[in-house]
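Have a look at the structure first, and then read on.

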Amino acid sequence: MHRNALRRLLHARRLTAPLAALALLAAGTGAVAQTAAAPAAGGKVKVGFMLPYTGTYAALGTAIENGFRMYVQQQGGKLGGRDVEYFKVDDESDPAKAPENATKLIRRDQVDVVVGTVHSGVQMGIVKVAKENNTLLIIPNAGVDEATGPLCGPNIFRSSFSNWQPGYAMGHVLAERGMKKVVTLTWKYAAGEQSVKGFKEAFEAKGGKVVKELSLPFPNVEFQALITEVASLKPDAVFVFFAGGGAVKFVKDWQAAGLKDKIPLYGSGFLTDGTLDAQGAAAQGLETTLHYADGLSNARDKSFRLDYAKTYKLQPDVYAVQGYDAAQLLAAGANAVKGDMTRKPDIIKAMEAAKVDSPRGAFTLSKAHNPVQDFYLRKVDGRENKVSSVAVKALADPARGCRL
Ligand code: BEZ
């Protein structure tokens with residue numbers, strides 16, 4: 001049957017979204033739609049990675065998977081005493097494909113937990129499907145505020161940050177420095193818009209003013225016209241959100257436009273995390289705020305970095321840390337039930353109570369299941385985002401609209 005005809009039929013029959021997505025999936029592959037069975041009490045712990053493996057966020061997805069797998073390897077390849085089996089979907093950072101991709105992992109592969117994703121727009125689709133199916137979800141990056149705000153739920157956890165958090169930390173820093181007039185520039189989707197909201201909240205509460213909010217569609221990297229506009233506004237500083245491949249291009253374009261030593265550029269730490277090799281001289285001296293940094297002096301971070309470098313022949317970044325901590329969070333749940341992943345309420349209770357011994361510094365979860373964590377001010381020095389200070393200690397997302 002043609003996919004559009006099938007869509008109309010499904011609509012007419014008012015099938016629930018996951019069933020509709022499953023049927024569409026089957027139509028696309030020629031496979032027969034099957035009803036999802038409940039996860040088995042025995043057997044392996046089934047983990048579904050829904051991450052970007054292509055596009056501007058590809059490196060972020062890989063780092064998350066690396067970090068997750070490394071923690072499991074350190075536990076002898078087991079969680080809760082059971083072997084771990086992995087399933088993977090490339091979400092392409094495409095929100096339109098999110099419901100179908102999440103449904104593949106949940107219904108076709110029958111995973112016990114979805115670990116995903118990076119992009120806030122894709123995350124909205126995953127959260128919806130995870131809630132409809134009551135599937136455990138651990139968000140290893142995407143900051144979309146709604147996931148631990150109005151859309152929070154008992155089965156939704158995050159090992160990363162809310163978009164509000166790093167923006168808020170930088171707003172606080174710039175206000176303390178006496179800056180008055182700031183222009184913001186981001187991709188026009190939840191991650192950028194919500195980072196700016198957090199920034200504005202802290203900055204304007206202390207007397208600063210965001211005089212202009214500029215944006216361009218994700219993942220567009222034609223920055224030139226916007227950079228020219230920023231220069232014409234002559235602000236005290238610029239606050240930006242870009243990440244991955246787009247962040248590399250932006251930082252280089254900023255320098256090429258001759259603004260590096262004219263207008264101070266600040267951002268949430270994604271601007272320079274995992275990107276410094278490619279950004280080179282253009283990134284030197286940039287200051288950002290994030291929940292991870294190079295040069296933290298805790299023992300956990302030292303051993304994590306050593307193991308990561310040995311295992312992958314790469315330096316870890318914030319994304320690898322978030323993947324590692326997603327596995328630690330899941331381990332807290334799986335260990336509490338000796339790997340019986342059907343015991344969801346007990347798993348959730350153990351995850352809620354977990355104190356995660358993270359390379360970023362130990363953290364606990366808020367009532368809304370978002371990390372309560374320190375935000376560091378960092379400065380690029382060579383190939384490192386060196387920690388300068390703690391910008392805001394134990395920062396909790398306000399979790400507006402969450403009724404957990
Ligand atoms: C996001 O879409 O939430 C996001 C993507 C990359 C880095 C940080 C946040």
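Predicted model: local features only at pLDDT ≥ 70, side-chain atom pairs only at ≥ 80, totals over all residues.

Residues are numbered from 1 along each chain as its sequence is written, and side-chain values use heavy atoms, with hydrogens and water left out.

**The cavity**
- Searching the whole structure turns up one cavity of 30 Å³ or more. On a 1 Å grid over the protein atoms alone, a cavity is a set of points where a 1.4 Å probe fits but cannot get out, and its lining residues have an atom within 4 Å of a point.
- The largest cavity has a volume of about 80 Å³, a volume being the space filled by probe spheres set on the points, which are joined across faces, edges and corners.
- Its lining is made up of 15 residues, and V118, N141, F161, Y189 and F241 lie nearest the centre.
- Eleven of the lining residues are nonpolar, four are polar and none is charged. Here Ala, Val, Leu, Ile, Met, Phe, Trp, Tyr, Cys and Pro count as nonpolar, Asp, Glu, Lys and Arg as charged, and the others, Gly among them, as polar.

**The ligand**
- Where does the ligand sit? The space it takes is the largest cavity, by the test that more than half of its atoms lie within 2 Å of the grid points.
- There are 16 residues around the ligand (a heavy atom within 4 Å), and V118, H119, S120, G143 and Y189 come nearest.
- This shell has eleven nonpolar, five polar and no charged residues.
- On its own the ligand has 260 Å² of accessible area (Shrake-Rupley method, 1.4 Å probe), and the protein covers 100% of that.

**The largest pocket**
- A pocket is an open set of points with protein on both sides within 12 Å along at least five of seven lines, and the largest pocket has a volume of about 580 Å³.
- Of its 33 lining residues, G274, T275, D277, Q315 and D317 lie nearest the centre.
- The lining has 14 nonpolar, eleven polar and eight charged residues.
- The largest share of the lining, six residues, comes from α3, with helices being DSSP runs of H or I of at least four residues, numbered from the N terminus.

Notes:
Helix = DSSP H or I, 4+ residues; strand = E, 2+ residues; numbered from the N terminus.
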